[in-house]
Amino acid sequence: MAGTESRGSGTDTADEAVRATCDDASICKRFAISIGYWTDPYIQHFVRQAKERKAPEINRGYYARVQAVNQLLDAFLERTECNCQVINVGAGLDTTFWRLKDENRLPRKYFEVDFPMIVARKIHHIKSKPSLSKPILDAHSDQSLIINSHTLDSCRYCIIGADLRNLPGLEANLKKFNLDPQLPTVLVAECVLVYMRPEQSASLIKWAASTFPTAMFINYEQVNMGDRFGQIMVENLQRRQCNLAGVEACQSLESQRDRLLLNGWESATALDMMKVYCSLPQDDVRRIEKLEFLDEKELLEQLLLHYCICWATKDGQKLGLAEISF
Ligand SMILES: C[S@@+](CC[C@H](N)C(=O)[O-])C[C@H]1O[C@@H](n2cnc3c(N)ncnc32)[C@H](O)[C@@H]1O
């Protein structure tokens, strides 16, 4: 859950605090993976194992988050038969490229964007660990491979260091590495927009809608932040000098959906994670619920009610993207 990933002072150090959330997310994912919530042989190459156990409700929240994003992403890949692009914005140390490679369903090109400092760390790990670099090279052809401290560009995988608040810079970078606006494109923002001011996230969403005629935008982040539990979350964070610049856009499922519809998308859905948790394949949910004893079921429910997944589509090629759901 993003509750463990929220730092930031709102001053000069705010970006540094936002960058730090990337480790928090990956460490929590690695911990849940080590207990058996889901499988990911690659994350261990990016982050250390957590020193302390994470609470069961946190692990279940991460499980729901990862399953939900994967299900929507995989549905898009299926609809487009992988003739598409993925752009993971604020990807951090995400390992989805390697999962898709192993499952033999890579898109034509998989792009990731994050701050240059995060990208430099990710590329350093990739360069120094054959388990990470070999799949990239295996998917590469004879064309030249670019790999320097702030960029990796191969045939199927590209990592770009850029600030998502600077759209001309973002677009120029993506185009330099052969982004094709005519190809169906899915953008994934997993716990990222909440760290940008509402007008900045709205501009990113609008840019995506106006750039790609056939596209989907998947957004996972906080919701219901205006109710008592949400306010307490925000207050606790503020007491620790933490600031979520985009919290205003996280007031309700409606505000989440409106942001997508008001910024150029044709259809949009927003579900709280409690609903999603109940819609995930229940055999697997029963399996993970046996992994750890959960004392406070209400706490899990409250947490799940304060995160959501939203997705929006534009369907220039009439691929039936609006039908994608859980
Ligand atoms: C909470 S982490 C999530 C990482 C990854 N999406 C995941 O779920 O594992 C948020 C990420 O968004 C990135 N990010 C936030 N604002 C950004 C911006 N303006 N430009 C580029 N990256 C940004 C951070 O550096 C960080 O890696």
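Leucine 137 is partly exposed, at 47% relative accessible area. Partly exposed sits between buried, under 20% relative accessible area, and exposed, over 50%, with a 1.4 Å probe and protein chains only. Leucine 137 is found in helix α5, residues 130-138. Helices here are DSSP runs of H or I with at least four residues, strands are runs of E with at least two, and both are numbered from the N terminus.

A word on the source: this is a predicted model, where local features need pLDDT of at least 70, side-chain atom pairs count only at pLDDT 80 or more, and totals for chains, interfaces and linings use all residues. Residues are numbered from 1 along each chain as its sequence is written, and side-chain values use heavy atoms, with hydrogens and water left out.

Back to Leu137. Together with Leu145 and Ile147, Leu137 makes a nonpolar surface patch of about 230 Å². Patch residues have over 30% relative accessible area and no salt bridge; nonpolar side chains (Val, Leu, Ile, Met, Phe, Trp, Tyr) are joined within 5 Å, like charges within 9 Å. Areas come from the Shrake-Rupley method with a 1.4 Å probe, and for residues only the protein chains shown count as cover.

Stay in α5. Aspartate 138 and lysine 134 meet in a salt bridge, 3.0 Å from N to O. The term means a side-chain nitrogen of Lys or Arg within 4 Å of a carboxyl oxygen of Asp or Glu. Aspartate 138 and lysine 134 are 4 residues apart in α5, about one turn of the helix. Aspartate 138 is partly exposed, at 47%.

Now helix α6, residues 167-176. Glutamate 171 and lysine 175 are also 4 residues apart there, about one helical turn. Their side chains form a salt bridge at 3.8 Å, N to O. Glutamate 171 has 26% relative accessibility, and lysine 175 has 43%.

How many residues apart in sequence are the parts tied together by aspartate 23 and arginine 121? Their side chains meet in a salt bridge, 2.8 Å from N to O. Aspartate 23 lies in α1 and arginine 121 in α4, residues 116-128, so the pair ties together parts 98 residues apart. Both are partly exposed: aspartate 23 at 22%, arginine 121 at 33%.

Salt bridges link Asp74, Arg99, Glu103 and Arg105. The whole structure has 21 salt bridges.
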